[in-house]
Amino acid sequence: MPDLATSSPRDPAASAAGAADGAPPRGRGGAAALLRWEVLIAGLILVTCVVGQAISSQFLTTDSFTTGSLDLSEIALMALPLALVIVAAEIDLSIASVLGLSSAVMAYLWNQGLPIELIAPICIVVGGLCGAFNGLLVTRLGLPSLAVTIGTLALFRGLAFVVIGDASITDFPTDWTDRAFGNFAGTFVPNTIVLFAVLAVAFAVLLHATPFGRSIFAVGANEEAAWFSGLRVKRIKLTLFILSGAVAGLAGVVISLRNSTAAANVGTGFELTTVAAVVLGGVSIFGGRGTIGGVVLALLLLGGIQKALTLSDSISSYWIQIVTGALLIGSVLGPNLVQRAREARSHASRSRGSWPPRLGPDQARPLEEDA
Amino acid sequence: MRKSRTPRGPAAVGSALVLTLAVAACGSTKNDSSTSSGSGGASTSASADTGKANPNAPYKKGMKVVQIPKQLGNPYEDIEDNGTKKAVEEVGGTFVRKGPTDAGASTQVPIIQSSTQTKPDAIVIAGNDPDAVAPALKQAAARGIKVVAQDSDVAPDARKVFINQASSEEIGRDEVRLLGQQIGYKGQIAILSATANATNQNTWIKFMKDELTKPKYKDMKLVKVAYGDDDDQKSFQQTQGLIQAYPKLAGIISPTTVGIAAAGRYLSKSPQKGKIKLTGLGTPNQMRKFVKDGTVEAFELWNPADVGYLGGYATAALVSGQITGAEGETFKAGHLGTRKIGANGEVILGPPTRFNKANIDKFDF
């Protein structure tokens with residue numbers, strides 16, 4: 001956004017063009033920046049590998065991948081729809097509470113004698129309903145999603161305690177808990193991560209290869225322009241909140257089976273790590289930008305850092321929170337600084353006068369503008 | 001803008017390259033480390049996995065023990081773990097302590113898993129949730145790591161030995177007896193516990209409820225079990241809530257050191273100070289000022305350092321093959337003398353000590 005301020009003359013033209021084809025010209029430059037962001041995350045993963053191996057010779061092992069990824073299963077699952085929500089310039093902070101409510105509902109229904117095969121879809125539906133509640137408040141009443149989902153963060157968690165109280169249910173059938181805790185068919189990849197991978201592909205296709213995905217970017221980049229160009233902004237947002245809730249409901253089932261414990265208090269605080277993963281993955285907190293690939297890389301990085309720190313005999317667990325927090329700030333600050341640097345440079349080059357541009361389709365627009 | 005466009009192609013290639021490198025790096029080291037883990041694991045566990053106990057076996061040299069408390073920053077756990085450390089070091093072992101930052105049901109799991117990877121001889125754990133940690137502990141056991149639960153039990157098939165502070169039944173019943181004496185066996189009472197899933201607290205509460213069914217306590221009524229999650233602020237608020245919700249409350253039992261200290265802090269500043277009796281399990285250092293200012297008449301506890309110390313020796317005996325965790329086996333426990341394993345692999349430290357104005361200054365923990 002800030003670069004629009006410096007080049008105000010082309011502002012209306014740019015946004016009109018953006019609204020028309022769903023991809024603002026700025027988006028091409030944005031894509032390049034994102035690619036660089038992903039390279040940066042990949043580089044950090046490499047650094048983590050080196051540092052992790054220095055911390056413990058056990059770091060670069062399949063064991064680390066298995067256990068490290070298993071711990072992040074639910075956060076990884078919830079990060080996928082949250083990425084879409086944030087690309088649409090909204091936020092859903094209630095996901096961890098939906099997860100808790102789902103776990104509580106699961107415990108309640110299990111006590112009522114229902115089979116897991118039936119409970120799981122019900123929990124996903126309950127999650128979807130929670131999401132719909134968020135979505136309706138945001139789209140129909142026009143409330144800011146930050147306020148709404150902070151409210152429902154408390155509301156859904158409270159409901160979870162109403163459903164099951166302080167009890168915890170631990171007598172789930174072992175074939176299901178083993179499945180949630182175990183690895184996929186003799187590999188070192190946990191079943192939950194296989195589930196994540198399938199959903200990640202689905203969400204990547206949805207966001208990057210469908211008209212719906214394009215419209216999410218349009219809504220996030222400029223809601224008004226998206227509306228004027230005929231997109232059903234409210235319906236798109238509502239769909240995203242429902243998706244977010246449903247996946248959080250699924251995550252509630254996964255975490256309950258994985259830990260053989262369903263209770264109202266599971267997953268407290270997961271929303272922060274999930275938001276951190278999404279933003280670290282290059283999804284702009286202001287909407288309109290982001291890739292599922294970036295989010296997957298960010299999850300790998302977070303998982304790697306957590307693993308490295310827990311493998312150390314001498315580093316306290318508090319450092320995991322510190323490092324996660326620092327990365328979150330860094331991931332918001334980083335692109336901002338890059339943007340400012342770029343602005344400063346374009347100012348400088350403009351005052352010097354433009355050098356003769358090579359001919360190419362990409363260069364066409366700036367040339368026209370300079371003239 | 002111009003400059004940002006040009007590196008697009010190279011950037012894509014670069015990112016792919018870096019990723020391939022990262023994956024390759026992860027992939028290539030996997031093989032040699034897994035072979036080394038195979039041999040290393042076998043040599044460390046061979047001596048101890050022979051099945052039969054040999055009471056006279058020497059302590060294993062260079063024993064490495066990982067201690068996993070319920071959470072970091074809990075003074076009770078700190079004292080207890082120092083006891084374990086002392087015992088482990090007395091028999092020449094090395095001690096590492098790793099804990100989660102909060103006492104959630106599953107927060108210990110990643111730590112157990114990472115500890116398993118570093119192949120210690122034993123893991124000593126105070127479980128936050130008996131079942132959530134069980135699969136990870138069983139994985140550790142499958143790799144020849146001895147698992148000892150201390151203070152708060154885990155699922156019995158996930159550990160060899162459980163170090164119990166005192167018989168759970170005795171603690172539960174004695175708390176009710178203590179409060180009964182203070183309130184003249186009459187009035188509404190409440191319990192302020194730790195987390196809703198905490199194994200030890202729940203067992204004690206079960207026996208408290210059972211004790212209350214005796215005719216002697218017919219005029220005492222348990223109105224509420226509140227959960228402060230072993231969080232000071234939350235326990236403080238729960239105390240406040242209890243007193244507002246039940247104006248006629250006569251007494252509170254808080255069978256957790258965090259809870260009783262928070263409740264004491266609230267009561268000492270409230271008009272109900274001394275009127276609502278507070279008892280439970282606390283450390284003398286935390287409770288000293290509340291006992292002296294009259295907020296609390298008496299409370300009790302075992303010596304947590306001794307719980308840890310006993311756990312440390314049980315662990316050493318287990319690792320060295322002196323015991324297998326079967327009922328009736330005995331082992332030496334330093335200054336605590338010889339101890340015997342009871343039913344279900346439980347070792348009991350002994351009856352709790354009561355602290356009051358008269359004796360509290362004799363204790364410093």
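Chain B comes to 11 helices and 14 strands. Of the 371 residues in chain A, 52% are buried. In chain B, 53% of the 365 residues count as buried.

Contacts in both chains were examined by sequence separation. In chain A, 79% of the contacts between residues at least 6 apart join residues at least 24 apart. The corresponding share in chain B is 73%.

Confidence was considered next. The predictor assigns the complex an ipTM of 0.73 and a pTM of 0.74. Chain B has an average pLDDT of 85, and 86% of its residues score at least 70. Strand 3 (residues 122–125) of chain B has the highest mean pLDDT, 97. Helix 2 (residues 8–46) of chain B has the lowest, 37. Over residues 1–50 of chain B, pLDDT stays under 50. The model has 65 contacts beyond four places in sequence for this stretch. Where pLDDT is low, predicted coordinates should not be read in detail.

The largest nonpolar core has 200 residues. A:Ala79 and A:Ala83 have the most contacts inside this core. Helix 13 (residues 233–258) of chain A gives the most to the core, with 14 residues. Beyond its neighbours within four places in sequence, A:Ala83 is in contact with A:Val278, A:Gly281, A:Val283, A:Gly290, A:Ile292 and A:Val295. In soluble globular proteins, nonpolar side chains tend to be buried together.

Chain B contains an open sheet of six strands. The strand order is 2-1-3-4-5-13, and the pairing is parallel. Strand 2 (94–97) and strand 13 (346–348) of chain B are the edge strands, each pairing on one side only. From one strand to the next, the twist averages 20 degrees. Strand 3 and strand 4 (residues 146–150) of chain B pair in the parallel sense over four bridges. Here B:Val124 stands opposite B:Val148 in strand 4 of chain B. Helix 3 (residues 75–90) of chain B packs on this sheet and touches strand 1 (64–68), strand 2 and strand 3 of chain B. The direction of helix 3 makes about 160 degrees with that of strand 2 of chain B. Helix 4 of chain B also packs on the sheet, touching strand 1 and strand 3 of chain B. The direction of helix 4 makes about 175 degrees with that of strand 1 of chain B.

Another open sheet in chain B has four strands. They follow the order 7-6-8-9 with parallel pairing. Strand 7 (220–227) and strand 9 (277–280) of chain B stand at the edges; each has a single partner strand, so one side of each is left without a neighbour in the sheet. The twist in this sheet averages 25 degrees from one strand to the next. Seven bridges join strand 6 (residues 187–193) of chain B to strand 7 of chain B, and the two run parallel. B:Ala190 has B:Lys224 in strand 7 of chain B as its bridge partner.

Helix 4 of chain B also meets chain A. The axes of helix 4 (residues 62–71) of chain A and helix 4 (residues 109–117) of chain B come within 10 Å. They cross at roughly 175 degrees. Angles over 145 degrees count as roughly antiparallel, and the two helices are therefore roughly antiparallel to each other. From chain A, A:Asp63, A:Ser64, A:Thr67 and A:Asp71 take part. They meet B:Val109, B:Pro110, B:Gln113, B:Ser114 and B:Gln117 in helix 4 of chain B.

Two residues of chain B call for comment on their backbone angles. Most residues other than glycine have a negative phi. B:Asp151 is not a glycine, yet has a positive phi of about 75 degrees. B:Asp151 lies in the loop between strand 4 and strand 5 (161–164) of chain B. This residue counts as buried because it has 26 C-beta neighbours inside 10 Å. B:Tyr185 likewise has a positive phi, near 55 degrees. B:Tyr185 lies in the loop between helix 6 (168–183) and strand 6 of chain B. With 16 other C-beta atoms within 10 Å, B:Tyr185 is partly exposed.

Key. Residues numbered from 1 in each chain as written. Chains lettered and ligands numbered in written order. Predicted model: local features only at pLDDT ≥ 70, side-chain atom pairs only at ≥ 80, totals over all residues. Buried ≥ 20, exposed ≤ 12 C-beta atoms within 10 Å, placed from the backbone. Contact = placed C-beta atoms within 7 Å. Core = buried A, V, L, I, M, F, W, Y, C linked by C-beta atoms within 7 Å. pLDDT = per-residue confidence, 0-100. Pairing = 2+ DSSP bridges. Axes fitted to C-alpha atoms, helices over the stretch in contact; angles between N-to-C directions. Parallel < 35°, antiparallel > 145°, perpendicular 65-115°, else oblique.
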